[in-house]
Amino acid sequence: MAVNKKLNFPKRKKKKSRQQNKLGKAPGTISYMGDKELSDSIIYSTTYNPDGFETTEFANLDHFFKEERADKISWINVVGITDELFIEKIGKHFNLNPLVLEDIVNTEQRPKIDEYEDYIFGIFRMLYISEEDEIVGEHIAIILHENTVLVFQEVKADVFDGLRERITGKLGRIRTRGADYLFFALLDAIVDNYFLAIENLNNRIEILEEEVYNNPEPVVAKNIQQLKKEVLKIRRWVFPVKELISRLIDTDNPLITKDTKLFLRDVHDHTVEINESLQIYREMSMSLMEMYMSNMSNKMNEVMKVLTIMASIFIPLTFIAGIYGMNFDHMPELHYKYGYYVVWVVMIALLVGMIFYFKKKKWL
């Protein structure tokens, strides 16, 4: 007697998404949403004025809170946003709204600008090229106070090395300007590196164009699809920046002076150019797939053409061979002395004639 046993397979644990982890929590709850491992946050404080500068690293918040920054412009760079308690303490010290702190630790937050009573808060995407020649996008938050600019970033790598050199080397006008100019300089560095990402996309499109024309293999289609996704992702990060810069130019907030707005207009011009380029590359990436499919279709047509010509050549030859392969006793040509040779001559003549005809029609 057969016994049916019920097999109990272990149930897979469904991984919660970052959005699911956020459900049910009150607005303003500081809950890190990203893919970085939990790590300690570090503060790099740079204070400067026309006479000099000082850069200090803090791992201890108590030491940082005791630092004297009077009569100087301060650039407070917080590296690492996974430590929620650390971010909360900084927020309380600078009197930041809980909703601001929530956005700081949310790496999926769309680029935005919010104006509060005594500070301006912005979320952006910082793009740079890695050592593997890939485009890396990092979440970054910037807060402009009267004499202080707070920057929150995920990792230490950033696009501000040139700005640091200008501060330490007293290059340009930055050491003689206020915090709003530092705010502009940070935005300018972020937007300028968008051009590097655009250049990287352009190079990849040119390479794929050559591959589509010369060697349309299936892996090329996969690379085109990846490129399309990356262009759309970068466009989603970059496209809102143009509108955000426009808002900063039009704002009446006293934290941004009229002189700084002139420089912001230059950043706005760059964002317009970048968005136009992204739109072009988006269309080019879509047309690449169309060209790939067209080339693959043409390649298949060429194969079918060759097979059709070969079949057309052998159809009459097969017909003749089939006629004289029949087992009838009273076929006149079977007993002809030179019948075998005549059949070969006819078949070869047909072969040569058909090849000549196909070449005359330019089918070969």
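The lining of the largest pocket is made up of 10 nonpolar residues, one polar and one charged; here Ala, Val, Leu, Ile, Met, Phe, Trp, Tyr, Cys and Pro count as nonpolar, Asp, Glu, Lys and Arg as charged, and the others, Gly among them, as polar. This is a predicted model, where local features need pLDDT of at least 70 and side-chain atom pairs count only at pLDDT 80 or more, while totals for chains, interfaces and linings use all residues. Residues are numbered from 1 along each chain as its sequence is written, and side-chain values use heavy atoms, leaving out hydrogens and water.

A pocket is an open set of points on a 1 Å grid over the protein atoms alone, where a 1.4 Å probe fits, with protein on both sides within 12 Å along at least five of seven lines; lining residues have an atom within 4 Å of a point. Helix H9 (residues 339-360) gives the largest share of this lining, seven residues. Among the lining residues are Glu 333, Gly 339 and Trp 344. Helices (H or I, at least four residues) and strands (E, at least two) are DSSP runs, numbered from the N terminus.

Now let's turn to strand E3 (residues 73-79), where seven of seven residues are buried, meaning under 20% relative accessible area with a 1.4 Å probe, protein chains only. In a regular strand, side chains alternate between the two faces of the sheet. Ile 73, Trp 75, Asn 77 and Val 79 lie on one side of E3, with Ser 74, Ile 76 and Val 78 on the other.

Who are its neighbours? E3 pairs with strand E1 (residues 42-49) in the antiparallel sense over seven bridges, pairing being called when DSSP finds at least two bridges between two strands. Ile 73 in E3 is the bridge partner of Tyr 48. With strand E7 (residues 148-153), E3 pairs in the parallel sense over six bridges, and Val 149 in E7 is the bridge partner of Trp 75.

Key. Buried < 20%, exposed > 50% of the residue type's maximum accessible area, 1.4 Å probe, protein only.
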